[in-house]
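Biologist: Please take me through the geometry here. I will ask what each term rests on.

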Amino acid sequence: MKILVGYKRVVDYNVRIQVKPDGTGVVTDGVKLSANPFDDIALEEALRLREKGIAEEVVVVGIGPADLTAHLRNGLAMGANRAIHVVSGDAVQPLTAARILLKLIEKEQPGLVILGKQAIDDDANQTGQMLAALWDRPQATFASKVEIANDKVTVTREVDAGLEVIEADLPAVITTDLRLNEPRFIKLPDIMKAKSKPIDTIELAALGVDSGDHLKTSHYAAPAKRSKGVMVKDAAELVAALKQKGLL
Amino acid sequence: MSKVLIVAEHLDGKLNPSTARAVSAAVALKPEAVDVLVLSHDADAIAAEAAKITGVSRVLTVVRPENAHPLAATLAPQIAKAAAGYSHVFAPSTTFGKDVLPRVAALLGVAQVSDVMSVEGPHTFKRPIYAGNAIITVEAPASQTVVATIRTASWPASGNGDASASIESLTVDVALPAHTRFVELQQGKSDRPDLQSASKVVSGGRGVGSKENFDVIFKLADKIGAAVGASRAAVDAGYVPSDLQVGQTGKIIAPELYVAIGISGAIQHLTGIKDAGTIVAINRDAEAPIFEVADFGLVGDLFKLIPELEQAIG
């Protein structure tokens, strides 16, 4: 079985992002970029399935500008067999990303697609579900445990009410939650090896996907700031203050 | 004029309060109608609850044995079909809504607006990105159905007064896939208030130190009638189950009172509590980022301070 993994590059999760004063976007120049943390978990899970002999090949897919190649090399260094780079000047929205992935599925015929549950830049949490709908295949979102046997996948999902277990026929789309696994670190020799692994480059225009922006973003703003609080000296003072506000 | 269809969330025959929050967002559109869609194998009790929510015009029930469990692959084709004639389809931005609604949007061939914080116009909304560190104004095409999930922490639950909407049964003629099957739901059982709708929440973090020590958090919460939450660090350390996690990847809440104990206040955690009425932080580290957002801060050892707090509360 072949596994396709979505591997998005985003502003590193430790960066405190700044909104541009003119409201046209957030400052991304010179800001550290990394793999979306949920995508690292997706790749790790695919690699573990390969190590168990369930998958033979793990392919990472990235959509973005020409310099995304370096990011995809990280995925290869982590252990993916090869990469597909869909070259697109601008960031694409989830529906477009799903349509692009569907085109790649038609070509690659994977048995499983693993994506992160959301990207930490747009926080949309849509692409996996949309892909599953367009592909007309099962989806298992927010996965914290994945088991594959006899062409079926059993997934434990992190839902508000607790943990839900579902079973689905393959092929299917899984989106990863934080607790699915602990991604491995990249070792230096693997970075060297990754340099000789193949990256297929496809121009977005060549895929015949409608990449028109579906939602128009007109303004970016910083969130409302909370007013500065006070430090209290002991428990009694805290309780008195909360009682005065009618909270206790 | 707008006509809104809201997908009801429910479990064990009870309507989830997040549905009434989605109704508030729908009402903000000043629509012609707000209809609630209940997909279930046994919809009567749920529909009766939904009919009482202020602002609801009609409750539509789709009763099929396949709807016994909320599987996105099963529900989405029914919702997409039922959406005909509506300008907007909303669901709460809970794990249920996040799972099913993008699948509906893709079937309709439209984009989805996730986590609507405010309604600026029939097609214009505000939503958070970058873990709530930026708020964007987005415009959906006026020619298409607007599919959106509603950030529950941003909206009050619509009232539950004398309203009584009509309840109608709906037949949705659509073939359902058999490729996805429900196995089981393991619920964290709790007598405490529900984390997402509680007016008070007491949360513990890594500073609590162990699963056993977390009892002090539960005790304090019970004393003031609060729900219990936790930071990701506390969940990862195995102190409490993951359904208690508050933050970007857990639950986003807006209680009147939020008490963070032994929580440093990582960006991802603050995202989940930014809209709380009053934030109290108790931490031994005076430099912890949680104090930047706290209305009241208290520096010290939580094991000494919590008993003192309980005593002072009386």
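Modeller: Contact means heavy atoms within 4.5 Å, and axes are lines fitted to C-alpha atoms (for helices over the stretch in contact), with angles from 0 to 180 degrees between N-to-C directions. The model is predicted: local features need pLDDT of at least 70 and side-chain atom pairs 80 or more, while totals for chains, interfaces and linings use all residues. Residues count from 1 along each chain as written, chains are lettered from A and ligands numbered from 1 in written order, and side-chain values use heavy atoms, without hydrogens and water.

Biologist: What makes α6 of chain A lie across strands of chain B?

Modeller: Helix α6(A), residues 235-244, lies across β16 (257-261), β17 and β18 of chain B. The helix runs at about 165 degrees to β18(B). Helix α5(B) also packs on the sheet, touching β14 (200-204), β15 and β16 of chain B, at about 170 degrees to β14(B).

Biologist: Why are α5(B) and α9(B) described by the word they get?

Modeller: Their axes cross at roughly 15 degrees and come within 11 Å. Angles under 35 degrees count as roughly parallel, therefore α5(B) and α9(B) are roughly parallel to each other. The contact includes B:Leu220 of α5(B) and B:Ile306 of α9(B).

Biologist: How do you know that β17(B) and β18(B) pair?

Modeller: Pairing needs at least two DSSP bridges; β17(B) (278-283) and β18(B) (296-299) have four, in the parallel sense. One bridge joins B:Val280 to B:Phe296 of β18(B).

Biologist: What makes β13(A) and β15(B) edge strands?

Modeller: The six-stranded open sheet runs β13(A)-β18(B)-β17(B)-β16(B)-β14(B)-β15(B). Strands β13(A) (230-231) and β15(B) (227-230) each pair on one side only.

Methods. Helix = DSSP H or I, 4+ residues; strand = E, 2+ residues; numbered from the N terminus. Parallel < 35°, antiparallel > 145°, perpendicular 65-115°, else oblique.
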